[in-house]
Amino acid sequence: MSSISYLRSHVSNLNTMILDILTPDKTAFSGEILSVTVPGKSGSFQIWENHAAIISTLENGLVEIRLKDKTQELFNIKGGVVEVLKNKVVLLVLLADDIVG
């Protein structure tokens, strides 16, 4: 575990950001999160609070959401784009299936 991951996992007063996962048919997820990992074209990457503004294309794959209660939610997505701006993350994807664990 990296020192940043360790620190984030042991600090109780973390700031959150808003995540929306949108498909042409529905809002698959909308809520406050601590972080999200997305399948980028060049590999998966993680987004935390105060991330730099970015727009990136996404591959088919797994989206891992770390909720503010530190639980995890998973979605299997089919392609799309991600936009990050001022602690708001929007995933526009063709398909998003919630993986119930």
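Let's start with Asp20, which sits in strand S1 (residues 17–22) of this predicted model. With a relative accessible area of 11%, Asp20 is buried, because the cut-off for that class is under 20%. Leaving aside residues up to four places away in sequence, Asp20 touches Phe29, Ser30, Gly31, Lys88, Val89, Val90 and Leu91. Its side chain makes a polar contact with the side chain of Ser30 at 2.5 Å, and the Asp20 side chain also has a polar contact with the side chain of Lys88 at 3.2 Å.

Side chains of opposite charge can pair when their charged atoms come close. Here the structure holds three salt bridges, listed below.

| Salt bridge | Closest N to O |
|---|---|
| Lys88 and Asp20 | 3.2 Å |
| Glu59 and Lys41 | 3.1 Å |

What does the pair Lys88 and Asp20 tie together? Lys88 lies in strand S7 (residues 88–99) and Asp20 in strand S1, so parts 68 residues apart in sequence are joined. Lys88 is partly exposed at 37% relative accessibility, whereas Asp20 counts as buried at 11%.

Now to the pair Glu32 and Lys68. Glu32 belongs to strand S2 (residues 27–40) and Lys68 to the loop between strand S5 (61–67) and strand S6 (72–85), a link between distant parts of the chain, 36 residues apart. Glu32 is partly exposed, its relative accessible area being 36%.

Finally, Glu59 is found in the loop between strand S4 (54–58) and S5, and Lys41 in the loop between S2 and strand S3 (43–48), so this pair ties together parts 18 residues apart in sequence. Glu59 is partly exposed at 33%, while Lys41 is exposed at 51%.

Conventions:
Residues numbered from 1 in each chain as written. Predicted model: local features only at pLDDT ≥ 70, side-chain atom pairs only at ≥ 80, totals over all residues. Heavy atoms only, no water. Helix = DSSP H or I, 4+ residues; strand = E, 2+ residues; numbered from the N terminus. Buried < 20%, exposed > 50% of the residue type's maximum accessible area, 1.4 Å probe, protein only. Polar contact = N/O pair within 3.5 Å; in protein donor to acceptor, adjacent residues only side chain to side chain. Contact = heavy atoms within 4.5 Å. Salt bridge = Lys/Arg side-chain N within 4 Å of Asp/Glu carboxyl O.
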